[in-house]
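Try each one yourself before you read the solution.

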Amino acid sequence: MNNITKEQVLNAYDNAPNVVRAVFNDDKTTQIIIGLQTKFQLHIDTAGVLGKGVGHMLLGLVNPQEFLQELITAKIP
């Protein structure tokens, strides 16, 4: 995972449009990540990489290509 600080996440969240913050906080987003963890039998740490990556991409801190590379590095199918 790249070196994104907590402060960067908080700043991006504070400046994100309401719709992005709503998706970021939505239980459905969490359920999708848990569903992927179950479907692909991901270790809890690997699921954490997935969840963080989704959040970082939603907030515009990583682009889709960077997110894909994080998934590949974490060996997430």
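**Exercise 1.** Which residue lies over the face of tyrosine 13?

Keep in mind that this is a predicted model. Start from the ring of tyrosine 13 and look over its face: you'll meet arginine 21, at 5.8 Å from the ring centre. A charge counts as sitting over a ring when CZ of Arg is within 6 Å of the ring centre and within 35 degrees of the ring normal.

**Exercise 2.** Find the aromatic pair in the structure and work out how its rings are arranged.

Step one: a search of the whole structure turns up one aromatic pair. Step two: the partners are tyrosine 13 and phenylalanine 24, with 5.5 Å centre to centre and 55 degrees between the planes. Step three: planes under 30 degrees apart would be stacked and over 60 edge-to-face, so the rest are tilted, and this pair is tilted. Step four: tyrosine 13 is in helix α1 and phenylalanine 24 in helix α2 (residues 18-25), so the pair ties together parts eleven residues apart in sequence.

**Exercise 3.** Is threonine 46 buried or exposed?

Next, take its relative accessibility, 19%. Buried means under 20%, so threonine 46 counts as buried. Leaving aside residues up to four places away in sequence, it touches Ala74 and Ile76.

**Exercise 4.** What does valine 9 touch, not counting residues up to four places away in sequence?

Go to helix α1 (residues 6-15), where valine 9 is found. With those sequence neighbours left out, valine 9 touches Ile4, His56, Leu59 and Leu61.

Key:
Residues are numbered from 1 along each chain as its sequence is written. This is a predicted model: local features need pLDDT of at least 70, side-chain atom pairs count only at pLDDT 80 or more; totals for chains, interfaces and linings use all residues. Side-chain values use heavy atoms; hydrogens and water are left out. Helices (H or I, at least four residues) and strands (E, at least two) are DSSP runs, numbered from the N terminus. Contact means heavy atoms within 4.5 Å. Buried means under 20% relative accessible area, exposed over 50%, partly exposed in between (1.4 Å probe, protein chains only). Rings of Phe, Tyr and Trp (its six-membered ring) pair if their centres lie within 6.5 Å; planes under 30 degrees apart count as stacked, over 60 as edge-to-face and the rest as tilted.
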